[in-house]
Amino acid sequence: MSKLYMTGQKRLSGDVQLQGAKNSALPLLAATVLAQGESVLYNCPQLSDTEASLRILRWLGCGAERCDGVVIVKNDGIARHDIPDSFMRQTRGSVLFLGAVLAKQGRVRLSLPGGCEIGQRPIDMHLKALRRLGAVIKERHGWLDCRAPHGLKGADIALPFPSVGATEEVLLAACTAEGVTTLTNAAREPEISDLADYLNRCGACIRGAGESVIRIEGVRALRSCAHAVIPDRIVAATLIACAAVTGSSITVKGVIHSHLSAVLPVFEDAGCTFSAKENELHMTAPARLHSMKIVRTMPYPGFPTDAQSPLLAAAAVADGTTVLIENIFENRYRHVAELTRMGADIKTEGKFAVIDGVPQLYGAAVEATDLRGAAALVVAGLCAEGKTELDGVKYLDRGYEHFEQVLTSLGADIKRI
Ligand code: EPZ
């Protein structure tokens, strides 16, 4: 089991190319099930989560090969409709194969995706939406057996919450359904628009992605195409947090500024300055951050929940008190105990975290228990005095591509052993 070893308080500098978005690549890989022929995904990050999706595609009968950041999926027909439990448990993105395989095969059998470290992660909204489209779903002993005996039919669907996964599930299931589907209270994340762009390029007819109301006119079949995955806005926010806590100036390349419209103002309040040029973002951090006052996580375009953990680590060394309100997941403060071992002064109560900034953190042996919590501990290790040993690197590898190499290229003292 590898660990990361960091020696903190090294100033970062230079520039870094932003990886493709994990939370876009996962629905896109599921969507290739719908597109007959050879789909090419550029800028597809190499992560344990994306590799798990490639394994599922191969199991289903597709060819799925990777050459660096390019993934080629050859889909000449899906041979199976069942996905083994072992595959389902490897990544949350696997639940998106539910809608895609059901739409393609008229049937799908898979195990309920496990909850994970940040919450119970139910999929009731996914299932209710698929039933509205005509799916017959039996849930038994943790298994889902879904059929669409008469095919899927367009319907009006209203989500009780703008769930990212449920929105993606509807796009995948409805784009080849018979008739029109109107989805209201849809998630507006950039990853939704990226999925709709790919599907439309394959011949789908999806209008309004990125807004709260999406209209999907079912088409008979989709043809494969080539598509570039959007950059990862959460990795960008994490790199910003790494530079913010080390008083650094860095440039992030390949960024889409509008995706960070809720993130940059928070770091500006903390004393960072940003300048944008085409698809580059240059930032300079102060010697010490001011507190971020109050930050609440919201569905896009609000402050993203996935950036809350790295932000919390930055707030731990800011001058003053920051209050974080986590409105999306019920258990997203698990890394706080580890930050406390490093000298942070943080109190959590339900969705609230009150962070009293300390002048500095101290290196310690810490353990990650979820993806963004691991990122938060890296942020803390980069600014702590002395050495930090991070266990649980497998969580980081789910969403950050070669992260220690990226940070080393910026001047950090970080090694994987
Ligand atoms: C996606 O998860 C992302 N994962 C998450 O990123 C991200 O935090 C989340 O969207 C919010 O932006 C992927 O895209 C693979 P939701 P998802 O459905 O789709 C509840 C990361 O760190 N809910 O918008 O699961 C749910 O429990 C990960 O990269 C239901 O109750 O998020 C949560 O409290 C973490 N029933 C809230 O809604 C449902 O049927 C938002 O979940 C679906 C969701």
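Q: Is His141 buried or exposed?
A: This is a predicted model, in which local features need pLDDT of at least 70, side-chain atom pairs count only at pLDDT 80 or more, and totals for chains, interfaces and linings use all residues. Residues are numbered from 1 along each chain as its sequence is written, and side-chain values use heavy atoms, with hydrogens and water left out. Buried means under 20% relative accessible area, exposed over 50% and partly exposed in between, with a 1.4 Å probe and protein chains only. The relative accessible area of His141 is 75%, so His141 is exposed.

Q: Where does His141 lie, and what is its phi?
A: Helices (H or I, at least four residues) and strands (E, at least two) are DSSP runs, numbered from the N terminus. His141 sits in the loop between S8 and strand S9 (143-147). Although His141 is not a glycine, its phi is positive, at about 45°.

Q: Which residue other than glycine has a positive phi near 60°?
A: Most residues other than glycine have a negative phi. The residue in question is in the loop between strand S3 (35-42) and H2, and it counts as partly exposed because its relative accessibility is 33%. With phi near 60°, this residue is Asn43.

Q: What is the omega of the peptide bond from Tyr300 to Pro301?
A: Most peptide bonds are trans. Pro301 belongs to the loop between strand S19 (294-296) and helix H10 (308-315). The bond leading from Tyr300 to Pro301 is cis, with omega near 15°.

Q: Which residues gather in a patch of positive charge on the surface?
A: Patch residues have over 30% relative accessible area and no salt bridge; like charges are joined within 9 Å, and nonpolar side chains (Val, Leu, Ile, Met, Phe, Trp, Tyr) within 5 Å. Lys and Arg count as positive and Asp and Glu as negative, while His and the chain ends are not counted. One of the members, Arg140, is found in strand S8 (residues 136-140) and counts as partly exposed because its relative accessibility is 48%. The positive patch is made up of Arg109, Lys138, Arg140 and Arg147.

Q: How many aromatic pairs are there, and which two residues form the edge-to-face one?
A: Rings of Phe, Tyr and Trp (its six-membered ring) pair if their centres lie within 6.5 Å; planes under 30 degrees apart count as stacked, over 60 as edge-to-face and the rest as tilted. The count comes to two aromatic pairs. The edge-to-face pair, 5.9 Å centre to centre and with 85° between the planes, is Trp59 and Phe87.

Q: How many residues apart in sequence are the parts that Trp59 and Phe87 tie together?
A: Trp59 lies in helix H2 (residues 48-60) and Phe87 in helix H3 (residues 85-88), so their pair ties together parts that are 28 residues apart in sequence. Phe87 counts as buried because its relative accessibility is 16%, whereas Trp59 counts as partly exposed because its value is 26%. The separation in sequence is 28 residues.

Q: What is the relative accessibility of Tyr400?
A: Phe403 counts as buried because its relative accessibility is 3%. Tyr400 is also in the buried class, because its relative accessibility is 1%.

Q: How many residues apart are the parts tied together by Glu280 and Lys253?
A: A salt bridge is a side-chain nitrogen of Lys or Arg within 4 Å of a carboxyl oxygen of Asp or Glu. Glu280 and Lys253 meet in such a bridge, 3.9 Å from N to O. Glu280 lies in strand S18 (residues 280-284) and Lys253 in strand S16 (residues 249-253), so the parts are 27 residues apart in sequence.

Q: What is the distance between the closest N and O atoms of Arg131 and Glu139?
A: Arg131 is partly exposed because its relative accessible area is 37%. Glu139 counts as partly exposed too, because its relative accessibility is 47%. In the salt bridge between Arg131 and Glu139, the closest N and O atoms are separated by 3.6 Å.

Q: Are Arg332 and Asp306 buried or exposed?
A: Arg332 forms a salt bridge with Asp306, with 2.7 Å between the closest N and O atoms. This pair links distant parts of the chain, 26 residues apart: Arg332 in the loop between strand S20 (321-325) and helix H11 (336-341), and Asp306 in the loop between S19 and H10. Both Arg332 and Asp306 are buried.

Q: How many salt bridges does a search of the whole structure find?
A: The bridge between Arg332 and Asp306 is described above. Elsewhere, salt bridges that share partners join Lys22, Asp49 and Arg398 into one network. For the whole structure, the number of salt bridges found is 20.

Terms used:
Areas by Shrake-Rupley, 256 points an atom, 1.4 Å probe, with all protein chains shown as cover. Charge placed at Lys NZ, Arg CZ, Asp CG, Glu CD.
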